[in-house]
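Me: I have a structure to go through with you. Please take my questions one at a time.

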Amino acid sequence: GRVPVLKLNGVCKSLTVRDCNDVVVVSDGIVGHLSVSGCRSVSVFVSTAFPSPIAVRNTKGLQITSFQELVHTSFSSSSSSAILLHSAAAHPDDTPRGGGGTAPLGKR
């Protein structure tokens, strides 16, 4: 089946993902507090800074990707595994691929 994609626009003060499997969240704005609980295989893409605080509970497989540097993010987790925080921020020595870091998002 297809993976459900949740698209957020603008500012989202608080986002809670609970008891979900195989979900993709894409935001073009600011996501404040992110809470993930009882989930399997959740991917979150934010074009701005990483959410903060991030709270993860009883979750296996969470990837959070931001197109800015990972700074000043408060993170806590319990009973969770396979968590990846990935900064896709462009560095001066990187060669742009496919029109920059945001190109893959349009294909999801």
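Me: Which residues touch the most other members of the largest nonpolar core?

Reply: A nonpolar core is a set of buried Ala, Val, Leu, Ile, Met, Phe, Trp, Tyr and Cys residues joined through side-chain atoms within 4.5 Å. Buried means under 20% relative accessible area, exposed over 50%, partly exposed in between (1.4 Å probe, protein chains only). The largest core here has 18 residues, and those touching the most other members are Leu-15, Leu-34, Val-44, Leu-62 and Ile-64.

Me: Which elements give two or more residues to this core?

Reply: Strands (E, at least two residues) and helices (H or I, at least four) are DSSP runs, numbered from the N terminus. The elements are β2 (12-18), β3 (21-27), β4 (31-37), β5 (40-46), β6 (54-57) and β7 (60-66).

Me: How far can I trust the model, and where is the pLDDT below 50?

Reply: This is a predicted model, where local features need pLDDT of at least 70, side-chain atom pairs count only at 80 or more, and totals for chains, interfaces and linings use all residues. Residues are numbered from 1 along each chain as its sequence is written, and side-chain values use heavy atoms, without hydrogens and water. pLDDT is the predictor's confidence in each residue, from 0 to 100; the chain's mean is 84, and 82% of its residues reach 70 or more. The pLDDT is below 50 over residues 95-108.

Me: Why should I be careful with such a stretch?

Reply: Where pLDDT is low, the predicted coordinates should not be read in detail. Contact means heavy atoms within 4.5 Å. Beyond near neighbours in sequence, the number of contacts this stretch has in the model is seven.

Me: Is Thr-65 buried or exposed?

Reply: Thr-65 lies in strand β7. Leaving aside neighbours within four places in sequence, Thr-65 is in contact with Val-44, Phe-45, Val-46, His-86 and Ala-88. Its relative accessibility is 4%, so Thr-65 counts as buried.

Me: Which side chain does Thr-65 join in a polar contact of 3.2 Å?

Reply: A polar contact is a pair of N or O atoms within 3.5 Å; within protein, one must be able to donate a hydrogen and the other to accept it, and residues adjacent in sequence count only if both atoms are side-chain atoms. The partner of Thr-65 is the side chain of Gln-63.

Me: How far apart in space are Gly-38 and Asn-58?

Reply: Gly-38 lies in the loop between β4 and β5. Gly-38 touches Asn-58, among others. In sequence they are 20 residues apart, but C-alpha to C-alpha the distance is 4.8 Å.
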